[in-house]
Amino acid sequence: MGAGWLAAPMERHGRAAATSASSAREPVPGGPDGRRREPLRRRANSASAPAVGASASASPSAEGVRRDRPGSYSGATSASRQRVESLKKKRPLFPWFGLDIGGTLVKLVYFEPKDITAEEEEEEVESLKSIRKYLTSNVAYGSTGIRDVHLELKDLTLCGRKGNLHFIRFPTHDMPAFIQMGRDKNFSSLHTVFCATGGGAYKFEQDFLTIGDLQLCKLDELDCLIKGILYIDSVGFNGRSQCYYFENPADCEKCQKLPFDLKNPYPLLLVNIGSGVSILAVYSKDNYKRVTGTSLGGGTFFGLCCLLTGCTTFEEALEMASRGDSTKVDKLVRDIYGGDYERFGLPGWAVASSFGNMMSKEKREAVSKEDLARATLITITNNIGSIARMCALNENINQVVFVGNFLRINTIAMRLLAYALDYWSKGQLKALFSEHEGYFGAVGALLELLKIP
């Protein structure tokens, strides 16, 4: 019998439905044609702006300057004016992007300034106006690009500018087309530096330079991940909590998604589930380590589903899994013992062997594609949860935060992780999740951009 610590308890209570993403209609994002005049760029960048703060709700800035109207500072001292002017000179030129190029998805965050003065508007070149309008007026780009409108963060203050933060994603296999489009639209005329993280920042660096004439500032993905999640949690989610957990996760009727206040985040175990999985122990914003990882992640789930079911999208794979029954595919403890394995406290519904029933020709012929998709999802989730639990015990950490695009619209996996961590730890471990699950690396890259002169 295998060591399948996580079971499929929800198979006894019903199945969570998956939600499909929006269909795509517009081209992949990019800037229109047009060279930008250097004098205008300098003037637009140094125009008046609100003071720096963690969120738009903050009243006075760190410099003690209160903005009453464009170009006026009430009660500002000469020293504070100098500090504000220094800030203007240090902040980067628009547009502001953060890019996370993963093995499966590219995540892009874009800051849309909402405090543009009349002077800025007059001097701003058409290309910047077009980029802003294009990115914010569409929810889909080409056949695969999606702007996650429901994740938009409003009224943020970043580097002294007030605006909204937009979240966009598209498959990594479309990156060559994205770079070519940037060239066709003469994006390099804006003298933009892209702060990029993820393995693709290294893989595509030369293409950005030679094809798109764009400079990449490559950043470590784990540094960006930590920075991004701490920042997003600090600003919240438009007045709501960023972090949440599930109560009664194994019961479809009683299951509730509830907010969680991560006011004391340290220490925490951060489980980042993308194409593969990395697990980090975080003791402070500057003190963390990668504990371990596994190659069996979201890419494994999607790849196996493509082979086993013929599906072509992640959303389709999850939809099939929501209608399947993994107990027809997996061999459970009760299939071996006829019930519970009481000596070691293993309930009969625990998975003893993932896909263990597929050794039987008769059972292979009886399962559906939906059953196979469900079993694949349970198998991958079980493995991730098992490793996370062992890491939490070894590091003596009881807060486990799961992030990454594997969890996007993936209620089945989240509820299973929540149930299993609570059950097998006897209530000592709590599984936490975050609304912006897959975008933290891109946010961290954007924050790094704002440090670049």
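The chain contains 15 helices and 19 strands. The model is predicted, with a mean pLDDT of 83 over the chain and values of 70 or more for 80% of the residues. Where pLDDT is low, predicted coordinates should not be read in detail.

Of the 453 residues in the chain, 55% count as buried. Among contacts with a separation of 6 or more, 71% are made by residues 24 or more positions apart. The chain exposes about 20,000 Å², and carbon and sulfur atoms supply 49% of that area.

The largest nonpolar core comprises 69 residues, of which Trp-96, Met-175, Phe-208 and Leu-270 touch the most other members. Helix H8 (residues 221–235) contributes the largest share of this core, with eight residues. At least three residues of the core are drawn from each of domain 1 (91–235 + 442–450) and domain 2 (243–325 + 368–434). Apart from this core lies another, of 38 residues, which includes Leu-269, Ile-273, Ala-321 and Ala-413. In soluble globular proteins, nonpolar side chains tend to be buried together. When residues up to four places away in sequence are not counted, Met-175 touches Ile-101, Val-106, Phe-170, Phe-204 and Phe-208. Of these contacts, Phe-208 is itself listed with Met-175 among the residues of the largest core that touch the most other members.

Helix H4 (residues 126–137) has twelve residues. From its first C-alpha to its last, H4 reaches 16 Å, close to the 16 Å expected at 1.5 Å a residue. The buried residues of H4 are Ser-127, Leu-128, Ile-131, Arg-132, Tyr-134 and Leu-135. These buried residues pack against five strands named here in order of sequence: S3, S4 (105–113), S5 (140–141), S6 (145–147) and S8 (161–171).

One runs from Phe-94 to Pro-95, with omega near 5°, and Pro-95 lies in the loop between helix H2 (78–90) and strand S3 (96–101). The other runs from Tyr-266 to Pro-267, with omega near -10°. Pro-267 is placed in the loop between strand S12 (256–259) and strand S13 (268–273).

Asp-213 has a phi of about 55° and is located in the loop between helix H7 (205–210) and strand S10 (215–219). Its relative accessibility is 53%, so Asp-213 counts as exposed. Asn-248 also has a positive phi of about 55°, and its position is in the loop between strand S11 (243–247) and S12. Because its relative accessibility is 38%, Asn-248 counts as partly exposed.

Definitions and conventions:
Residues numbered from 1 in each chain as written. Heavy atoms only, no water. Helix = DSSP H or I, 4+ residues; strand = E, 2+ residues; numbered from the N terminus. Buried < 20%, exposed > 50% of the residue type's maximum accessible area, 1.4 Å probe, protein only. Expected span 1.5 Å × (residues − 1). Contact = heavy atoms within 4.5 Å. Areas by Shrake-Rupley, 256 points an atom, 1.4 Å probe, with all protein chains shown as cover. pLDDT = per-residue confidence, 0-100. Core = buried A, V, L, I, M, F, W, Y, C linked by side-chain atoms within 4.5 Å. Domains from an automatic or database assignment.
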